[in-house]
Amino acid sequence: MIFGGSKAIAREHRAIARYQSVLVDLSDVPHMDTTVSLAIENVIKEAVELNRDIYMVRPGDQAFNTLEKLGVFELMPLAHVQDTRLEALKLALANNPKPA
């Protein structure tokens, strides 16, 4: 991901309050620079502050290690990091059933 990616993340960042869960799909991200990793960290911190559940689709090893060094996985359950988007969505639905 490049610097421009952090602007897109910031735009979506403002929508967090409207949702019960946040899914961050990083499956196509093999490499992540500092600007983008900090933007993702901020999204996750805000979701935690708003008491939202966070789910992530696992990025490539370099990006995962970058987020790990920032302490991102201390902010969310590591079990919420899944290998595919479908697995993450199923977990989010299982943890947050639709109200009757």
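Tutor: Two strands pair if DSSP finds at least two bridges between them. Helices (H or I, at least four residues) and strands (E, at least two) are themselves DSSP runs, numbered from the N terminus. This is a predicted model, where local features need pLDDT of at least 70, side-chain atom pairs need 80 or more, and totals for chains, interfaces and linings use all residues. Residues are numbered from 1 along each chain as its sequence is written, and side-chain values use heavy atoms, without hydrogens and water.

Student: What makes β1 and β2 a pair?

Tutor: Compare the count with the cut-off. β1 and β2 are joined by 5 bridges, so they pair. They run parallel. In this pairing, S21 stands opposite D53 in β2.

Student: What lies between β1 and β2, and why is the crossover called right-handed?

Tutor: The chain leaves β1, passes through helix α2 (residues 34-49) and reaches β2. Point the strands away from you: if the path from the first strand over the helix to the second runs clockwise, the crossover is right-handed. This β-α-β crossover is right-handed, so its path runs clockwise in that view.

Student: Which side chains of β1 are buried?

Tutor: V22 and V24 are; they point to one face. Buried means under 20% relative accessible area, exposed means over 50%, and partly exposed lies in between (1.4 Å probe, protein chains only).

Student: Why is L75 called partly exposed?

Tutor: Its relative accessible area is 31%. That falls between 20% and 50%, so L75 is partly exposed. L75 sits in the loop between α3 (61-70) and β3 (81-82).

Student: Which residues does L75 touch?

Tutor: L75 touches I44, K45 and V48, leaving out residues up to four places away in sequence. Contact means heavy atoms within 4.5 Å. L75 and V48 are 27 residues apart along the chain, and their C-alpha atoms are separated by 7.2 Å.

Student: What is the pattern of the protein?

Tutor: Along the sequence, the pattern is α-β-α-β-α-β-α. That covers 4 helices and 3 strands.
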